[in-house]
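Open your viewer and get ready to select some residues.

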Amino acid sequence: MARQTYYFTSESVSEGHPDKVSDRISDEIVDLYFRKSVAAGMSPWDVRVAAETLTTTNKVIIAGETRGKDVTNDEIEAVARAAIKDIGYEQEGFHHAKANVDILLHAQSVDIAAGVDAGTGLHIEEGAGDQGIMFGYASNEVETALMPAPIYYSHKILERLAEVRHSGKEAGLEPDAKSQVSVKYENGKPVGASAIVLSTQHKDGLSSADISDIVMPYIRETLPEGWITNETTFHINPTGKFVIGGPDGDAGLTGRKIIVDTYGGMAPHGGGAFSGKDPTKVDRSAAYASRYLAKNIVASGLVDWTNIQLSYAIGVAEPTSVYVELDEKHAALAVRLEEILPKLMSLTPRGIRTHLNLNQPIYARTAAYGHFGRTPDADGGFSWEKTDLVEAIKAAV
């Protein structure tokens, strides 16, 4: 039997963390290719982007492969600078107007394209953009989001601090920040925070005590009532000073925060990053699909948690395996779900893109504070967070 009393920790990083700056720029490029290429008459099914970004002191390097129409380097540079400005970087070491931007994008490999495009490779249907394994997880620990509590609240602390920074209410805060929440579990349920770590970049002249006075009210209002007690340990800016931050303090790379992007270590990760990739890349789209299925299973009330794995071969449409993990008492249900889920939703790359409506410029918003546990947007963003498959799952099982 699994342990019922334990502590579990997850971390998050803010939109101004150097890796997240890189993720944001890469995802802005995906959105740009969808907007511009479709406006120029290209089918969204034919857009391809795999953009990787490196950020360091006043330097941005963008490399990768694309297929699109009427997208210029000037436009790519413009969206990169706009993203940096929106995040809030106007510092001497990293400035949206002063940073040097190198663009090294080139056409997608014809060999890869032949495996992905419908009717051009060894298979008739559009194939997966790469081989790989993808996981989706859901839990009723946080009822509104069906996410593990440690990663959910780590995100929420940083989101709240970003809100008050952008509004000007807390002008002493700067964009780069990290949080970490350790949650105590009793009888398998989260009951409180045993430790909270927060490091945030700040304007020069503020002490750790000053930063603590600024952030503590927002931490307290973010966590559930009763979670912070006299036994909760706090580490606020434990190094004492955090003025130099962002890409000036540490180089950033696209795809280096994949555990932050998903479930905070509470569930497995297939290893592939999301940001900078169009939805033919199953690293991204099949991870969204597996989360969608897992969330709908838990939302149906059948189980408290579930973990789903999908796997693919490059150029092949159908997944090579579908695995549903539940607790031991629901072993028969897991087998049944493995049979019915592919009937309720096509798990081919084209089927996923169609069902979740992924051929849209909806990706830059995913770059910070997690790809999961978010609220679906009216324009189709975070469509994988919908729970519109609940009744079909109930009826099938």
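Start with strand β5, residues 132–139, which gives the most to the lining of the second largest cavity, with three residues. A cavity is a set of points on a 1 Å grid over the protein atoms alone where a 1.4 Å probe fits but cannot get out, and its lining residues have an atom within 4 Å of a point. Strands (E, at least two residues) and helices (H or I, at least four) are DSSP runs, numbered from the N terminus.

This is a predicted model, where local features need pLDDT of at least 70 and side-chain atom pairs count only at pLDDT 80 or more, while totals for chains, interfaces and linings use all residues. Residues are numbered from 1 along each chain as its sequence is written, and side-chain values use heavy atoms, without hydrogens and water.

Next, select Met134, Phe135, His269, Gly270 and Ala287: of the 13 lining residues, these lie nearest the centre of the second largest cavity. The space here is about 70 Å³, a volume being the space filled by probe spheres set on grid points joined across faces, edges and corners.

Now move to the largest cavity, with about 80 Å³ of space. Which residues lie nearest its centre? Select Leu161, Ala162, Arg165, Glu174 and Ala177, which are among its 13 lining residues. Then show α4 (149–167) and β6 (173–186), each supplying at least two lining residues; β6 gives the most, with five.

Definitions and conventions
On a 1 Å grid over the protein atoms alone, a cavity is a set of points where a 1.4 Å probe fits but cannot get out, and a pocket is an open set with protein on both sides within 12 Å along at least five of seven lines; lining residues have an atom within 4 Å of a point.
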